[in-house]
Amino acid sequence: MDKTIKVILLTNSERIISEIDEVGSEIGEPDCKLIKPYDVKDLVPWMEEYTDQNEFMISSDKIITMSDPKPDLLKNYLEKIN
């Protein structure tokens with residue numbers, strides 16, 4: 001199965017690139033799994049100063065929009081995570 005990697009703009013203006021997986025959940029529960037999210041600006045693991053975790057659950061209502069990353073950004077991200 002192909003990975004879905006997107007650039008994500010969050011409601012708090014953070015921009016991240018991440019593999020994303022929609023998961024079933026109860027109303028009000030987180031319904032998106034971010035796998036290996038990275039800060040777009042510095043291309044460092046998202047929230048690395050707070051945790052060693054590399055998977056996060058987030059509610060889709062915290063996401064303003066998602067888009068496909070530019071080829072160079074995608075290439076750099078894939079090099080970082082592999």
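Contact here means heavy atoms within 4.5 Å. The structure is a predicted model, in which local features need pLDDT of at least 70 and side-chain atom pairs count only at pLDDT 80 or more, while totals for chains, interfaces and linings use all residues. Residues are numbered from 1 along each chain as its sequence is written, and side-chain values use heavy atoms, with hydrogens and water left out.

**Overall fold**

The chain contains one helix and six strands, with helices (H or I, at least four residues) and strands (E, at least two) taken as DSSP runs numbered from the N terminus. Their order from the N terminus is β-β-β-β-β-β-α. The radius of gyration, taken over C-alpha atoms, is judged by a globule rule of 2.2 Å times the number of residues to the power 0.38. Its value is 12 Å, close to the 12 Å that the rule gives for 82 residues, so the chain is as compact as a globular protein of that length. Of these 82 residues, 29% count as buried; buried means under 20% relative accessible area, exposed over 50%, and partly exposed in between (1.4 Å probe, protein chains only). Among contacts with a separation of 6 or more, 51% are between residues 24 or more positions apart.

**Surroundings of Ser18**

Ser18 belongs to strand 2 (residues 15-22) and is buried, with a relative accessible area of 0%. Its side chain reaches the backbone oxygen of Ile35 at 3.2 Å. Beyond its neighbours within four places in sequence, Ser18 is in contact with Thr4, Ile5, Lys6, Ile8, Leu34, Ile35, Lys36, Pro37 and Tyr77.

**Aromatic pairs**

Two aromatic pairs are found in a search of the whole structure. Rings of Phe, Tyr and Trp (its six-membered ring) pair if their centres lie within 6.5 Å; planes under 30 degrees apart count as stacked, over 60 as edge-to-face and the rest as tilted.

| Pair | Centre distance | Plane angle | Geometry |
|---|---|---|---|
| Tyr38 and Tyr77 | 5.6 Å | 85° | edge-to-face |
| Trp46 and Phe56 | 5.1 Å | 75° | edge-to-face |

The tyrosine pair links distant parts of the chain, since Tyr38 lies in strand 3 (residues 32-39) and Tyr77 in helix 1 (residues 71-81), 39 residues apart. Tyr38 is buried at a relative accessible area of 11%, and Tyr77 is buried at 0%.

Trp46 lies in the loop between strand 4 (44-45) and strand 5 (55-58), and Phe56 in strand 5, so this pair ties together parts that are 10 residues apart in sequence. Trp46 is buried, with a relative accessible area of 10%, and Phe56 counts as buried at 9%.

Conventions:
Polar contact = N/O pair within 3.5 Å; in protein donor to acceptor, adjacent residues only side chain to side chain.
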